[in-house]
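Please keep the sequence and the structure in view while reading.

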Amino acid sequence: MEFNVKTTTPEKQRSACLIITVSQKRKLSRSGELLDSASGGFLSKILRSGDIDGRLGQSLMLHNVPGIQADRVLLVGCGKAREMNDRTFIKILNSVSTELNDTAAIDACSYLTDISLKERDTSWKVLHNVLLMWHSHYQFDRLKSDRPNHKKSLRKLTLNVPDRRDLAKARQAAEQGMAIGKGMDLARDLGNLPANICTPAYLAKQARQLAKAHKKLRVDVLDEADMRELKMGSLLSVSAGSREPAKLITLQYNGGKAKQKPIVLVGKGVTFDTGGISLKPGAAMDEMKFDMCGAASVIGTLNAVATMQLPINVVGIIPTTENMPDGLATKPGDIVTSMSGQTIEILNTDAEGRLILCDALTYAEKYNPRCVIDIATLTGACIVALGKIPSAVLGNHQPLIDDLIRSGNQIEDKVWELPLWEEYQDQLKSNFADMANIGGRDAGTITAACFLSRFTKKYKWAHLDIAGTAWKSGEDKGSTGRPVPLLTQYILNQL
Ligand code: BES
Ligand code: MN
Ligand code: ZN
């Protein structure tokens, strides 16, 4: 999809569809009023007819409005002006995009920037308009045979900027929205691909392709022999039961000065999680193809950063493997030695994410990071604690956590902090090794983070548990592309 950012006159705008807001009761926006007078009061007559009074969720598509250049006008209700907030704005965007996808319009011009929002400027509205249109336009149909019939028609969206002085910033916001959108698409594609296609080797191939497409991006892929040399006994214990060889992928984006410390992102890349010998129950096990969404978000974020050519250094590290049961698979009670030298008693082979992350987190030290953020579909307990609205964040450096919370609020990709208190560490005690890989039933998300915290003492670190946010189940089953927006916004905020 193509986006255009301009200051336009609605009555003269040639377009298949103008998107105009109506607030309660029956109050046209600035652009709506311009159209109304150009059309000789046509719009106010419609409002008086009572078919739309501006309530949130209402919409009305008008054809052949007299006196204007556009083919259609879509009136969208946006509720009471003083009740308008970020969530409402995004709800409106969602209903507009559904509405547009149901028409044959191939281009549209959005005047949603007329909506006034506390503490949000035109750029914010432009970015979200682009991002949501992009997001709703996503289709994953490459594995279906009859796809050409369902193509969505909208191809170009023009965004109105009421004040010319905001144009430059608004254009930049649209660029950012598109870059984030593309990054999310990539993350969603990788997540949605089934595990027989999206293997560790496939992820490595994708990373290589990405590095080829961007000059400032370098890739490095370690195989199991390299990992053995580095003594990554924990990571290798997870891949032991799989016929697909594990990989450790590093993507290095060098946009900043050579000496600038990088932000390091570490993403869990379990391409399928059966649980291993601690086998999972069968119901909905197919969704464990999404267990590499952390990895996908790292790849998507690096794509966004490279597309925007940001002047900053970012490293993505992706430990990737399957978790399978097999004659050679790790057994409950097995003890392994991690790259850090610490020993781990594996009491449950289904707590495999932390086992691959811990070695990747030790490996991250070599990049002398400014901070490390790991992203993982780590615990079912996270969904129990927080549901599917925010991701969980925990870490060892409060300013980093606060920055992530702020970035998440800014781009509507929210995170909520859970406490990483010392008291929880006791749950990881093992009679036979330095630690166990599980901490019992209580506070599963926190004890998982406690485990990781033992491998992140040398740098500022935050952990994102995206078990509830990375994909949707049920009728709209599919990858969400989260937390690419959050991570990209965080990086933008560090410039
Ligand atoms: N990938 C899962 C976590 C998960 C489960 C995410 C369901 C989303 C939905 C992870 O590897 C796992 O199996 N975790 C276990 C940990 C437990 C054995 C301590 C879990 O959450 O049950
Ligand atoms: Mn598991
Ligand atoms: Zn898992």
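Strand β1 (residues 2–6) is joined to β7 by five bridges, and the two strands run parallel. Strands here are DSSP runs of E with at least two residues, helices are runs of H or I with at least four residues, and both are numbered from the N terminus. Two strands are said to pair if DSSP finds at least two bridges between them. Within this pairing, Val 5 stands opposite Leu 159 in β7. Strand β6 (residues 107–110) is also parallel to β7, with four bridges joining them; there Ser 110 has Leu 159 as its bridge partner. Strands of a sheet pair through backbone hydrogen bonds, either parallel or antiparallel.

The model is a predicted one: local features need pLDDT of at least 70, side-chain atom pairs count only at pLDDT 80 or more, and totals for chains, interfaces and linings use all residues. Residues are numbered from 1 along each chain as its sequence is written, chains are lettered from A and ligands numbered from 1 in the order in which they are written, and side-chain values use heavy atoms, with hydrogens and water left out.

How many residues of β7 are buried? Four of the five are, so β7 is largely enclosed by the rest of the structure. Buried means under 20% relative accessible area, exposed means over 50%, and partly exposed lies in between (1.4 Å probe, protein chains only).

Helix α1 (residues 30–38) has the buried residues Ser 31, Gly 32, Leu 35 and Asp 36. They cover an arc of only 145° around the axis, which puts them on the same side of α1; the arc is that of the directions from the helix axis to the C-beta atoms. The face turned away from this buried side carries the exposed residues Arg 30 and Ser 37. Among the elements that cover the buried residues of α1 are β2 (18–23), α2 (42–49) and β7 (156–160), where contact means heavy atoms within 4.5 Å. After α1 comes Gly 40, whose phi is positive, near 65°.

The contact takes 14 residues from domain 1 and 18 residues from domain 2.

Attention now turns to β11. Five of its five residues are buried, so β11 is largely enclosed by the rest of the structure. It pairs with strand β12 (residues 313–323) in the parallel sense over four bridges, and Asp 273 has Asn 323 in β12 as its bridge partner.

Asp 273 also belongs to a metal site. The zinc ion and the manganese ion (ligand 2) are 3.2 Å apart, and Asp 273 coordinates both.

Notes. Donors = N, O, S within 2.8 Å, 3.2 Å for Na, K, Ca; no water.
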